Amino acid sequence: MAAYLTRRIFKGLLTIFASVTITFFILRLMPADPVALVVDPKMGLEAQAAMKAKFGLDKPILEQYAIFIGNLIQGDMGVSFKTRQPVMAVIQEKMPWTLLLLIIVVTLSLLVGIPVGVRAAKRPNKGFDRFVSLLTMFSISIFIPFLSFAFLYLLAYYLKLLPTGGAYTPPPADGLTYYKDVARHAVLPSLVLFINNVATIILYTRNSMQDVLKEDYIRTAYSKGWNEKYVTRVHGLKNALIPTITVTGLMISSLIGGAVMTETVFAWPGVGRLIYDSVSALDYPVLQGAFLILSATVVVTSILSDLIIAWLDPRIRLG
Amino acid sequence: MPGLLEFNNYSMGFLNDEGQVINMMDNVSFAVQEGRAVGIVGESGCGKSMTTLSIMRLLPNNAVVQGGVINFQGTNLLALSQESMEEIRGKDIAMIFQEPMTSLNPVLSIGFQIGETLQRHQPALSKAEIKEKVIEQLRMVGIPNPEKRYSQFPHQFSGGMRQRVMIAMATICHPKILIADEPTTALDVTIQAQVLDLMSKLKVNGSLMLITHNLGIVVEICDDVVVMYAGRVVESGSMVEIFDHPTHPYTRGLFAAIPTLTHNQDELYTIPGSVPVSTKFLPGCRFAPRCTQAMEHCYTQVPPERELSPSHLVNCWLEFEQRGEG
C-alpha cells in the first residue's frame, strides 16, 4: 500500500509538472501581445522597456520558462500583470468562493443522487425509474448558460426572489446577516450546477446498481433470508458506488477549475470567473497559477478517489 | 405419506415480450421425505434450476407461477407473505448455488458472509458468538486455518474452497432441507468428490435436494430420484428402483449414454435430437419427437402417470409390466 501510494504521488507530481509546462507554452503561443495591454502606450520608450524587463518579457521564451520554473519551485508564482498583486494572493482570494460552491453542489448531489439512483435501479423501467431517466436526460443535455439565464430571468428579474449576481451585497454586512446574504446569492449558481451534476450522479448510481442487483451474490443474500432493503444496502451499495466515486472525483476537478460559464453568468467571484477575466486581460501569471491549482486538484482528487475505491474493494486493496 | 416438501401439480412459465406466458414447468409433482436425499436429474434446460428457485421464491422477474402448490411442512410456500418467506429462507430451507465464483460478494469478507445467516435468524447472538460459530463451521467444512481465513475475501479462495464456504453458509443454521443446485459442476473432479463427501456428511440431520445432470453423483448420495424432461417429471421413485428398472424411454436413454469401462463401445450412445426450447413444446408428450417408441397419440395427448410399484411412478403411454414392492 505504501509503495502504491508513493508511486501514485510521484506520478501525480510528474503530471502537474507536465501540465504547468504545457500551460506556459500554450499561453505564449496565443496570437496576442500582453505587453500591449500591460504597457501604457503614452509611456516613453525607455519606460516601456523598463517595464518589459521588470516582468521578464524581454528575455527569450526558454529563459523565461527557466526563470518561471525556478521561481515556482521556491513557491513564487509571480505577479499579476493586471493588478500587480502576487498571483498567490489573487488565487487565495477567489478560492474560498469556488470551494463554497463546490461543497454545496457536491454534498447535495451525493445526498440526493445516490438514494434516487438506488431507488430507480430497484424497479427498472417502472414509473419512478422512467420519470427519473427522463429528468436526468433533460438535466444532462440542457445547455448550462441557457438554464442560468432562464433562472436569472424568472427568479431574480421577474419574481425578484433572489439577487441577480455577485456573492454578497456590498458593502459586506456583519455576522449572521452576512452569511444569510451570501446564502441567498449562492442559491442560483448552486442550483444550476446541482441540476447538472446530480443528474450525472443519479445516472451512474442507477446504472451500476442495476447491474449489481443482477449478480449471483445478490440472490445468495436473499437466500439467507434478508429483505430487499438490507440486501441493497449491504450487498448492493458497496459494489455499486465504485463508479459513482470515480465520477464524483472528476466532478470535483471540473468544479475546482471553476464552473467558468456559471460563475461568469452569475458574477460569482470564484476561480472560474478569474480564469475568464485573466484570459481577456492576457494575464499570464494568474492563468498559470490557476491552471497549476487546477492540475494539482485533479491529481489529488484522483488519488483520493482511488484510495476510497481501494478501501471499498478488497480485490484492489489486496490484489 | 406426506413429505417434508411437496410439489403438487406445480406449473410456471415465462412472460415473453408480447405479454404471453410461455409454459416451462408443467404439473410437476414429487415429494422430498424427511431425512432423505432426492436427486433431480435431467439435461440442461429441463427446468431443474427453476424447480429450486421456485421453492426459494427467488424466480427471475419475468417468471410467472401458473398454478399448483409447493407445500413445506404442510404450508403452501407460494401463499406465504414476503416476510414469512424470508423467515424460512436460510433457516429452514437453505440453498447452495451452482457458481461458487460469482455467488459470493467480492467486497465482503467470508466470515461476514457466513455470519450473516446466523445474524438474520438468531439475532440474540453477540458478534463474538457469531464469529466463534462461523470459525467452528469453517473448520467443519474443512477449511484449514479458519481463524485467518475468517477475515479474508472470496478472491483469496480457490473454487473448491469457495464451494465449501457456500456449504458452510447454507448449513450454519441447520436447515430442515438443503437444496444444492449442481454444486459440483464448476469444480474439477477430485474437488467434486471432496465436496460431495462433505455434503453427504452434513445431510445427516436433514433432507437434501440435489440438482444434477450427473447420474454418478445420484448413486453416490441419493435415496430417491426424480427424472425431469422439458419441464415435466417423466419418472420418479427410489434410487434402487430407477437404477435397476429404468422404464421411461428418456431415462433408459440417459443410462445408455453413460460410458462404461466394461463395455467395448466404439461410439458413445446419445439420445437423438436435443431438448426443445419452451416455445416449441408439444401438446402431448414433450419427449415424443426424440422417442424411438413414440406412437401417434404421444404427440397430441399428455401421457398418464402410472404406478409401477409403490415406490416407482412413470409418465408414459407405453405399456409396462407391473412389479410388486421393489
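1. B:Lys201 sits in helix H7 of chain B, which covers residues 189–202. The model is predicted. B:Lys201 counts as partly exposed because 13 other C-beta atoms lie within 10 Å, and a residue needs 20 or more to be called buried. B:Ala230 is 29 residues away from B:Lys201 in sequence. In space the two are 32 Å apart, C-alpha to C-alpha.

2. Chain B as a whole. It has ten helices and twelve strands. Along the principal axes, the C-alpha atoms of chain B fill a box of roughly 65 × 50 × 40 Å. Of the 326 residues in chain B, 40% are buried. Take the contacts in chain B with a separation of 6 or more: 63% of them are between residues 24 or more positions apart.

3. Helix H1 of chain B, residues 48–56, deserves a look. Eight of its nine residues are buried, so the helix is largely enclosed by the rest of the structure. The buried set includes B:Lys48 as well as B:Met50, B:Leu53, B:Ile55 and B:Met56. B:Thr51, B:Thr52 and B:Ser54 are buried too. B:Arg57 follows H1(B). The phi of B:Arg57 is positive, near 55°.

4. Chain A is built from helices: there are 14 helices and zero strands. The C-alpha trace of chain A spans about 85 × 55 × 40 Å along its principal axes. Buried residues account for 33% of the 319 residues in chain A. Among chain A contacts between residues at least 6 apart in sequence, 69% join residues at least 24 apart.

5. Which domains make up chain A? Domain 1 covers 2–73 and domain 2 covers 87–318. Their C-alpha centres lie 32 Å apart. Twelve residues of domain 1 of chain A are in contact with twelve residues of domain 2 of chain A. On the domain 1 side, helix H1 (2–29) and helix H2 (34–38) of chain A each give two or more residues. H1(A) provides the largest share, nine residues. By class, this side of domain 1 has seven nonpolar residues, four polar and one charged.

6. Confidence in chain A. The average pLDDT is 87, and 96% of the residues score at least 70. The lowest confidence in chain A is in H2(A), with a mean of 67. H9(A) has the highest, at 94. Where pLDDT is low, the predicted coordinates should not be read in detail. The caution bears on the domain contact, as H2(A) is one of the elements on the domain 1 side.

7. Now the contact between the chains. 18 residues of chain A are in contact with 22 residues of chain B. On the chain A side, helix H9 (216–223), helix H10 (228–256) and helix H14 (314–318) each supply at least two residues. H9(A) gives the largest share, six residues. H9(A) is also where confidence in chain A is highest. The side of chain A that touches chain B holds five nonpolar, six polar and seven charged residues.

Conventions:
Residues are numbered from 1 along each chain as its sequence is written. Chains are lettered from A and ligands numbered from 1 in the order in which they are written. This is a predicted model: local features need pLDDT of at least 70, side-chain atom pairs count only at pLDDT 80 or more; totals for chains, interfaces and linings use all residues. Helices (H or I, at least four residues) and strands (E, at least two) are DSSP runs, numbered from the N terminus. A residue is buried if 20 or more other C-beta atoms lie within 10 Å of its own, exposed if 12 or fewer, and partly exposed in between; C-beta atoms are placed from the backbone. Two residues are in contact if their C-beta atoms, placed from the backbone, lie within 7 Å. Ala, Val, Leu, Ile, Met, Phe, Trp, Tyr, Cys and Pro count as nonpolar, Asp, Glu, Lys and Arg as charged, and the others, Gly among them, as polar. Domain bounds come from an automatic or database domain assignment. pLDDT is the predictor's confidence in each residue, from 0 to 100.
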